[in-house]
Amino acid sequence: LSVDASQASARKISETMFGISFEEINHAGAGGLWAELVSNRGFEAGGENVPSNIHPWHILGDESLLIVSTERSSCFDRNKVALRMEVLCDNEGANICPVKGVGIYNPGYWGMNIEQGKTYKVVLYVRSLESINVSISLTGSSGLETLANTNIVAANISSWSKVEVRLTPRTSDHNARLQLTTAKKGVIWFDQVSAMPLDTFKGHGFRNDLFQMLADLRPGFIRFPGGSFVEGEWLRNAFHWKATVGPWEERPGHFNEVWQYWTDDGLGLFEFLQLAEDLGALPVWVFNCGISHSDQVDSSTILPFVQEIIDGIEFARGDPNSTWGYIRAAMGHPEPYDLRYVAIGNQDCWKKNYHGNYMKFYLAIKSAYPDIKIISNCDGSSQALDHPADLYDVHVYGDANYVFSLAHKFDRTMRGGPKAFVSEYAVNGKDAGRGNLLAALALAGFLIGLERNSDVVEMASNAPLFVNENDRRWNPDAIVFDSYQVYGTPNYWMQQFFRESNGATVLNSRVQSKQASTLASIIASAILWRNPDNESSSSSTLSYLRIKVVNLGINMVKLKIVIDNLKPRRSVINVEGCRETVLTSANLMDENSFQHPTKVAPILSPLKGG
Ligand code: AHR
């Protein structure tokens, strides 16, 4: 491998080259990154018809003790369904309640992670014509062990009243639940029941351990909220941003029909923008362009959809005195968010109305916000686009050999046109298992190819990012979690090899071998980068050379590395800085797991041979 370290042939990689793509799939947000513990907090998931299914809420007590149903009687206009609980027993008289009372409980998303010493904020809305005495408790999975509880005793609540309490559990349980119980006869209505840990990233509602996994990738951007989630199975259940902002209690939530689960939209447009800011990543908002999986808006009637997006951009970056900037400011962020990229639709290029709709969105956005970079769904890598765009979207899925071969996809792409955004890439063939070393290696080869072509590729992100182990809708994924644990698949660790590439300089490098098979299985790149962690005044000129090599072949290869034209500003090269990081394992099919989270993870050591 020869590397030319001279600046003559070097090229800067975009600051946003490697990022992440967040989709509400596999309970990535609801029951994942968004730390809300209650599932179906507003009883809305069963639909607006009543009576409705209240899953996953359960009833504690039989029909002789209480009757639970839903009604359209909430004080919240956009989510009218509330729970009515008629308690027939009492703590005296003929029909005595059980000692612990009767009521309802919510097991969260496959169990709530309740930790000793942490504090949980429980908020609920309640109404009753009589005085009430309700116990709010966090319990173990059987309901027998109480981890924390408090009682609310209230009278004069014939109008809806908000109750907020804090619970600090005495013991931990990863599979806990929230119970609302009483031993007093009467009718009580509940709505919008929320339980949140106070300990979330900066108090912004993001589960700390999952947030940290993202931060450790140092993403240059975050694409959200999907994927297919953006399109929806039908337009009526697509992600419509206006329904996801404002006070959480007033958000209607919606059925994520593509991935088959309800989301309360706690993670709405505001929270996605906040997430980007907290990660130090640029937000890339993918919006619905009037096209779902099953229906489409005709281009002649698309203007209301266009206006919705213009309003959304104003929400993100408008003045706090503007109509939508005002709402953002009221939510706690008067400064504009740094929204510079939007994508018109997801995977919609081939659909009948895409081109017509695209142009309406494009012209309206460019006229109102000329600096915003617009991403088209049509792949411009092999032929020029027939419409204006700043970037074009490419999705790459396939088996390991196929994805590895696409490392050369952009070698022959026309230079000078819009740049590529590989917004979804993954090895998802049968050979990938649930995310094994083979998949990670093939992806590493692919990313090296992108790095080598970073004059035409501006952004890239793997998909999907997260999977809750209890609802694997798509396989494989980069990060696996349940209520309390998390691990990265080999692909996740592989992505860490690229986190210094954003804004770095890619050097000319070439692999030579007499063996054609070696040439076919090896790919390499070299970058020069600055280590911000070492940016003290004395080392401000310190640069690092990083060489990444992938061998997807079956044979061990001896690699001689020659670096030409390396002119260190300092008189010596810091030998201690010569290190190697190797991602490998005994078996190509090896995967990580909750039991062995770093079976396949990078190992850092001094570079053998100096
Ligand atoms: O990443 C999973 C899915 O793959 C995305 O939702 C969609 O865009 C693609 O088909």
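Modeller: Strand S19 (residues 341–344) and strand S20 (residues 373–376) are paired in the parallel sense over 3 bridges, where two strands count as paired if DSSP finds at least two bridges between them. This is a predicted model, in which local features need pLDDT of at least 70 and side-chain atom pairs count only at pLDDT 80 or more, while totals for chains, interfaces and linings use all residues. Residues are numbered from 1 along each chain as its sequence is written. Strands (E, at least two residues) and helices (H or I, at least four) are DSSP runs, numbered from the N terminus. Within the pair, Ala343 has Ile375 of S20 as its bridge partner. Helix H6 (residues 354–368) lies across S19 and S20 and runs at about 160° to S19; contact here requires C-beta atoms, placed from the backbone, within 7 Å, and angles run from 0 to 180 degrees between the N-to-C directions of axes, which are lines fitted to C-alpha atoms, for helices over the stretch in contact.

S19 and S20 belong to an open sheet of 8 strands with parallel pairing, whose order is S3-S15-S18-S19-S20-S21-S22-S23. At its edges stand S3 (20–21) and S23 (457–462), each of which has a single partner strand, so one side of each is left without a neighbour in the sheet. Strands of a sheet pair through backbone hydrogen bonds, either parallel or antiparallel.

For the helices, H4 (residues 303–317) and H5 (residues 323–330) have axes that come within 7 Å and cross at roughly 45°. The contact involves Asp311, Glu314 and Phe315 of H4, together with Thr323, Trp324, Gly325, Ile327 and Arg328 of H5.

Technical notes
Two residues are in contact if their C-beta atoms, placed from the backbone, lie within 7 Å.
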